[in-house]
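Subject: Structure handover

Hello,

I am passing this structure on to you. Please look it over first; my notes follow below.

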Amino acid sequence: MLKTIYITLFALLLLPALVFSQPKKESNSLVKAARKEYMALRYTPATKLLERELKAHPENLEAQEMIADSYRNIKDYSKADYWYTQLTQAPTIKPQWALYYAEVLANKQDYTGSEKWYQKYLELVTTDNRAAAFAKVYPQVDGFLRNRKDWSISYLNINTAASEYSPLYYKKGLIFASNRKMGVLSKKVFGWDQTPFSDLYEVKNRQDIKAVNLDSLKTALKKDTKIKGKRYKENDDDTPPTANDSQTQGNYNPKFLQDTIGDYLSAKVAADPVMGNVNSPYHEGSATLLPDGSLMFTRNNYFKGKYNESKDGVNKLKIFTAKAPKWEIIEPFPYNNDQYSTGHPSLNKEGTILIFASDKPGGYGGTDLYYCKRATTNSEWETPVNMGPIINTEGNELFPTLYKDSTLYFSSTGHPGLGGLDVFQVALSNLKPLHAPINLGSPINSSVDDFGLIRSEDGKHGFFSSNRNGNDDIYSFLHNDFEIKLHGTIVDAHTNEPICYSTALLKPYGLKDLEPDMPCSFGSLLQPETDYHVTATNYGYSTAVANFSTRGIHKDTTINIVLKITGLKRPFDLDKETSASTFNCDSLKKTLTIDKIYYDLDKSFIRPDAQVQLAKLIKLLNEQPDLKLLIASYCDSRESKAYNMALSLRRSQAAKDYLVANGIDAARIYTEHFGENNLVNDCPDGVPCTEAEQQLNRRSEFSIIKSGKKVLSMDCKWIERAFDNR
């Protein structure tokens, strides 16, 4: 059974989960041969050897472990379920057995059983946030299973008995990956599950891509006596298949009817290999387009005819660019690495932001999402940045795509879902998530792998991949687009009069200032299927809170709320020679002025003298939850400009980390770093200065932000309007 999602990218980077100690003398040649296949990631031939071994020796725990994991990796969940059932009856079980068993049961839609084994895994590994989230969600899994009325999906006539996946809009047509047979025998098959390698194909005209009623087609083909399909020939001995074993380039779905449907449909729509030198003897997968028409795509570590492996003997995945207009010149992504994989590229419209997946060291789990920036399409890519723990988990995050440069779709095994990879949606601002990822639910997601979603510019339709019918297939979707809006008013609790120029903060966006509809109310667009918490305050007033939800809303809706706040004594110093209601701008500015903090030479840790200043800042931010903070850090001119830029970044991050560790929400803190720019004295490169003079440049400066503006840079008239309610 082919699951090309793992073939395409990260199956190759996932080393076997099991490591066995090997005896000096191997008495069982069958186990030895199976272990060799298993450790080489050739799971299909491994299962055939292991079935024979377990028939003779059913209590062999090592063989049970290998066969359970092998069936899980080739997506034969029924057989994986059977062997994990046997395996978990052992007196002592390994934590990963419980985790993998929970995942397999979810793939089979046994969510009660899956919850049980996630709970068991948590007993063994108490710090896994992913497992805790799944165990918490599965008792209410009906929320994911209930078909969302705003999505409708269709099976397509471009699917075959092989795999089709990762669609990409291209001109008037569609590019996608497939390992379909093209009438020519292949000398190479993929060892993971003995299937052919995948290439990129193009359908010239999307109008040729039609929806197919799969049930009706099955019924019609069963009755059609002219259809003389036959099973694809499979290798039935214990050796890895070769071109001589299979006259169809490897093993496809062996179901007679599914193969017949594939043959029937593939004859209806022309799909040709993409032009140029994109396709190779190995895997090509997920791709994206640059503004100049160049194609950025995923491929095995194969470049200029050379096949490369990591130190542990695994061929990783890399990102390449086929240069426009003919896609003949292939260039590697500068952050490819033989020791880990990069793949699944996705670009913004300008081609200046790249989001991709990688298992590079230092991430949160198996594969994480990263982004790179560059100033122009001719500039060099900056160092990749991990997209952080809101998006990334202990599981795998894969197949990112950008919609209108502000919404990220991606697939994950680590966020709670229906099983396998589920598609998630998250809004971005400056590449930061504005809320927790939203599971799109059924019918987009299923209990197996769903991934590679792309959406048209108008948002009304698109395509995605799923293996819910046995192989990876491409589906289309229609989306009944709608908007959910929030409209709120903040009023005095006693008079019910509007309190203008107030601040409303919305979660799960974090502490985000809502854009005002007008001075005395506020509004925001909301995400579907999300629970919200909004707080409101004004200078000299209490804080009011409200909770509401968009769950179950599938049409244009405006949610109206009224928040009532009560007047309090103002926390800032007032001019004692005037009435208590008079605003003292100079006094407020003094209160909001935070002294700089300084650092030791070539260091970024927070010194004791800096902790004193930060304590004042923490007090102010706790007293005024509507305020935000900008940290800007600098260096002296010693060392190179590049080194100092990186050092100033570490200093800003260290100051932010200190504040977060002391209870300040990270969403309220912005950072900048300027290296050796903006020196406070005449101490540039080459100018002799005392250590005391150099010390003045090793600093972080703080700016208080209200309503998106630096308070101390504004005149008193603006500050009075922002802080005083008259």
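Two strands count as paired if DSSP finds at least two bridges between them. Helices (H or I, at least four residues) and strands (E, at least two) are DSSP runs, numbered from the N terminus.

This is a predicted model, in which local features need pLDDT of at least 70 and side-chain atom pairs count only at pLDDT 80 or more, while totals for chains, interfaces and linings use all residues. Residues are numbered from 1 along each chain as its sequence is written, and side-chain values use heavy atoms, with hydrogens and water left out.

E2 runs antiparallel to E3 (residues 173–178), and five bridges join them.

Five-stranded sheet

Another open sheet has five strands in the order E5-E1-E24-E23-E22, and its pairing is antiparallel. Here the edge strands are E5 (211–212) and E22 (450–455), each of which pairs on one side only. Two bridges connect E5 with E1 (residues 151–156) in the antiparallel sense. Tyr-155 has Val-212 in E5 as its bridge partner.

Helix pair

Helix H3 (residues 43–56) packs with helix H4 (residues 61–73) at an angle of about 145°, and their axes are 9 Å apart. Axes are lines fitted to C-alpha atoms, for helices over the stretch in contact, and angles run from 0 to 180 degrees between N-to-C directions. Contact means heavy atoms within 4.5 Å. On the H3 side, the residues that meet H4 include Tyr-43, Leu-50 and Leu-54; on the H4 side, those that meet H3 include Ala-63, Ile-67 and Tyr-71. The residues of this contact divide into eight nonpolar (Ala, Val, Leu, Ile, Met, Phe, Trp, Tyr, Cys and Pro), two charged (Asp, Glu, Lys and Arg) and four polar (the others, Gly among them).

Confidence

The mean pLDDT (the predictor's confidence in each residue, from 0 to 100) of the protein chain is 82, and 81% of the residues score at least 70. Confidence is lowest in helix H1 (residues 4–8), with a mean of 38, and highest in strand E14 (residues 353–358), at 98. Residues 1–27 have a pLDDT below 50, and this stretch has 101 contacts in the model beyond near neighbours in sequence. For residues 228–257 the pLDDT is also below 50, with 73 such contacts.

Regards
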